[in-house]
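Biologist: Hi! Could you walk me through this one?
Modeller: Happy to, here it is.

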Amino acid sequence: MSETAGVRAIDHFNLDVPPEHLDAVSRFYTEAVGLYEGERPDFPFPGRWLYAKGVPHALVHLASYTKDDKASLQQATGRFNHVCFSMQGLNAHRDRLEQGGFEFKVSDRPGSKVVQLFLTDPTGVMVELNFSKALEGLAVTAA
């Protein structure tokens, strides 16, 4: 891989929060930690995206994937759902994954400013790799 390809930073982490605790968890991260609630895509499940001053993307994603709390906790990682890395070098990294025999899914949602690759590590933790379309020279398609 080229010197410009690879991990640039941790992009965000995602917590699976029961719907009845969403307000309290959001309040904790906003009041105790100092983040603020901001724009979030229209996902088919409740949640909040929390931002830090001066950072253009949400650092903490709170999501209520299911109303059945027991089902949420059955994931091997408990409340921790996934970690996301901000990346550069989409084609080189995709080739690296394919050559290494790693299974992954690609998400390129209309209107999104990133191409996402989703993998699962050997312990069951989901890993999201975000590639900025602007940095990769790709167009953002209409939503």
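Contacts and cores

Modeller: In the protein chain, residues 24 or more positions apart account for 51% of the contacts with a separation of 6 or more, a contact being heavy atoms within 4.5 Å. This is a predicted model, where local features need pLDDT of at least 70 and side-chain atom pairs count only at pLDDT 80 or more, while totals for chains, interfaces and linings use all residues. Residues are numbered from 1 along each chain as its sequence is written, and side-chain values use heavy atoms, with hydrogens and water left out.

Biologist: Which residues make up the largest nonpolar core?
Modeller: There are 10 residues in all, among them Val83, Leu90, Leu117 and Phe131. A nonpolar core is a set of buried Ala, Val, Leu, Ile, Met, Phe, Trp, Tyr and Cys residues joined through side-chain atoms within 4.5 Å; buried means under 20% relative accessible area, with a 1.4 Å probe and protein chains only.

Biologist: And what does Leu90 contact, neighbours within four places in sequence aside?
Modeller: Val115, Leu117, Phe131, Glu136 and Leu138. There is also a second, separate core of 9 residues, including Tyr29 and Leu62.

Biologist: Switching topic: is His61 buried or exposed?
Modeller: His61 is buried, at 9% relative accessible area.

Biologist: Which side chain does His61 have a polar contact with?
Modeller: That of His12, at 3.4 Å. A polar contact is a pair of N or O atoms within 3.5 Å; within protein, one must be able to donate a hydrogen and the other to accept it, and residues adjacent in sequence count only if both atoms are side-chain atoms.

Methods:
Buried < 20%, exposed > 50% of the residue type's maximum accessible area, 1.4 Å probe, protein only.
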